[in-house]
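Trainee: Hi! Could we look through this protein together? I'd like to start with the surface.

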Amino acid sequence: MGVKFFNGSLIDSFRLSCGSLVVAPSGPCMASDLFENKYYKRALEKADLVLPDSGLICLWQNWFIGDKIEKISGLKFLKFFLENFKEFEKSYWIMPNSKQADSNAAWIENRLKYKLRSNQIYTAPIYDRSKPIEDWDLLRKLEVLKPSIIFIQLGGGVQEPLGLFLKEKLPDETTIICTGAALAFMSSEQAPIPEWVDKYYL
């Protein structure tokens, strides 16, 4: 289907993420949108780093194709990334709603000891998935603030086309991380996922 998944270690994915559009497409989203949404498909094809988030795809590859691939979920990647990330003052966060924005920002302050400024958080509108996702208001804010890294915490099928739109408009060195609800899992806005779930490809 034209999607090239990263096949390497978690550390290598972190190293290669600099200046990249990073996506972690889930299996359920790919099962529908990859076939039905041309904007989503194009975003996955154009992404610099496509993490193998789907346990089923990894197991299928390992069992039937023979070229083994390590599962790196969006949650696992974001945890590792935030543990090693030092420049929070240069970050920008796109959240799905004000409730999750407040909870996620509180988690960042409590766990990572950084208090996000109000101008580092953007509450996204509800985008029309049947059209190209282009947020010019958001782009203008980013052009003024000039963050070096953007974390998009929206749902699959939406965050990837938005990430590609921003990647094509912003400087090449801008890093864009699309990990969906990963931060919400950590902040308990969604049900937490234990590490063994990732370990056993569930």
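Trainee: Is Phe64 buried or exposed here, and why?

Mentor: Phe64 counts as exposed because its relative accessibility is 56%. The cut-offs are under 20% relative accessible area for buried, over 50% for exposed, and partly exposed in between (1.4 Å probe, protein chains only). Keep in mind that this is a predicted model, where local features need pLDDT of at least 70, side-chain atom pairs count only at pLDDT 80 or more, and totals for chains, interfaces and linings use all residues. Residues are numbered from 1 along each chain as its sequence is written, and side-chain values use heavy atoms, with hydrogens and water left out.

Trainee: Thanks! Which helix is Phe64 in?

Mentor: Phe64 sits in helix H4, residues 55-65. Helices (H or I, at least four residues) and strands (E, at least two) are DSSP runs, numbered from the N terminus.

Trainee: New topic: the sheet. What is the order of its strands?

Mentor: The open sheet has 6 strands in the order E2-E1-E6-E5-E3-E4, with parallel pairing. At the edges are E2 (49-50) and E4 (121-123), each pairing on one side only. Two strands pair if DSSP finds at least two bridges between them.

Trainee: Which strands does E5 pair with?

Mentor: E5 pairs with E3 (residues 91-95) in the parallel sense over 4 bridges, and 4 bridges also join E5 to E6 (residues 175-178), again parallel. On the E6 side, Ile149 stands opposite Thr175.

Trainee: And are the side chains of E5 buried or exposed?

Mentor: Buried: Ile149 and Phe151 on one side, Ile150 and Ile152 on the other. In a regular strand the side chains alternate between the two faces of the sheet.

Trainee: What about E3 and E4, how many bridges do they have?

Mentor: E3 and E4 pair over 3 bridges, in the parallel sense. There, Ile94 stands opposite Tyr122 in E4.

Trainee: Last one: how many disulfides are there?

Mentor: The count comes to 0 disulfides, taking a disulfide as a pair of cysteine sulfur atoms within 2.5 Å.
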